[in-house]
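Let's take a friendly look at a protein model together. We will start with a pocket and then move on to the nonpolar cores.

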Amino acid sequence: MNKKIYDVVIIGAGPAGLSAGIYAARAKMDILILEKERTGGQIVTTEEIANYPGAVEDETGPSLISRMVNQVKSFGAEIVSEGITSVDFSNNIKVINGEKNVYKAKSVIIATGAKPRLLGVPGEKELTGRGVSYCATCDGDFFTDLEIFAIGGGDTALEEAMFLTKFARKVTVVHRRDKFRAAKSIVEKASKNEKIEFLMSKVVNEIIGEGVVEGIVFKDTVTEELTTYMADEEDMTFGVFVFVGYVPQTEVFKGHVELDASGYIPTDDTMRTNVPGVYAAGDIRPKSLRQVVTAVSDGAIAAVESEKYIEENA
Ligand code: NAP
């Protein structure tokens, strides 16, 4: 067992976790950042970052994250790629059980973010990676000159639909209501894109295919009528990109820190959870705007507050 006790262990290396890391490492705290999948979290699947203040021209999620990672490392922070299996926050020294090691810390910042919500319809799981995708940046290229259905009516669905028109010959945005949730400006921009069509008041009922996506069944949310769309004979397949929101990645913290009814971790405005010494930052908090700019702000506050907590409780 690793006997070291860190000042702070940051769980998650998205914008919130990296920002917390920058502030904590710069304050000369002894820190560790744990990341289970890829550094950067959700944002690395985003092709265009236009609204982050100071973003360079043609900024992408990966380019912004890579600069954040270099910055946090330049202050001496360590990033370890390891998932966590359980936690024990019941004592002053918090215990984080990783897949390989056990980590101990005086304080913890939870910045595990959120993952894409699934549609939960027949065929979705079986055909994921075979035509069903949750990441336009990762998989858009596979649908060059083919058709794509982009499911969802929020900012993500419309922005990613526009990005997908770089590859597909046509992108149909499918939304379950007759009004979009996305910002007006984004809807207007998408409406001007000649490759985009809208299919309103429809949900996906089933995705059909043997090996790859071959068809999709829609249900009208008003009339309940079912319609089936099959792939063009020449194409044989098409893409189904699902952008119907996110779910917080807080499963492992259940019972160790308070969660709200939707699984998010409530905090006060200093990012404190209900457990002394445990902070939460970024998309796992209940909030009105989930953006890089709000995530990095949370991370900075959590780091500064955890430093104060350690000083007061030393
Ligand atoms: P979101 O705002 O939660 O929108 C999810 C969309 O999916 C909604 O239109 C919702 O329909 C629909 N939906 C949910 N479950 C569904 C289901 N089972 N079947 C069909 N449709 C379903 O999620 P998001 O678009 O990913 O955005 C997340 C956050 O990031 C938001 O705060 C957003 O503003 C932000 N964001 C901002 C930008 C930007 O500013 N450039 C870009 C991307 C994301 P209803 O509308 O009927 O609920």
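## What lines the pocket

The lining of the second largest pocket has six nonpolar, two polar and one charged residues. Here Ala, Val, Leu, Ile, Met, Phe, Trp, Tyr, Cys and Pro count as nonpolar, Asp, Glu, Lys and Arg as charged, and the others, Gly among them, as polar. Among the lining residues are Tyr 52, Arg 67, Gln 71 and Val 296. α2 gives the most, four residues; helices are DSSP runs of H or I with at least four residues, strands are E runs with at least two, and both are numbered from the N terminus.

A pocket is an open set of points on a 1 Å grid over the protein atoms alone, where a 1.4 Å probe fits, with protein on both sides within 12 Å along at least five of seven lines; lining residues have an atom within 4 Å of a point.

## How the model was read

This is a predicted model, in which local features need pLDDT of at least 70 and side-chain atom pairs count only at pLDDT 80 or more, while totals for chains, interfaces and linings use all residues. Residues are numbered from 1 along each chain as its sequence is written, and side-chain values use heavy atoms, leaving out hydrogens and water.

## The largest core

A nonpolar core is a set of buried Ala, Val, Leu, Ile, Met, Phe, Trp, Tyr and Cys residues joined through side-chain atoms within 4.5 Å, where buried means under 20% relative accessible area (1.4 Å probe, protein chains only). The largest one has 33 residues, and Leu 18, Ile 31, Ile 33 and Ile 109 touch the most other members. α6 supplies its largest share, seven residues.

How values were computed:
Buried < 20%, exposed > 50% of the residue type's maximum accessible area, 1.4 Å probe, protein only.
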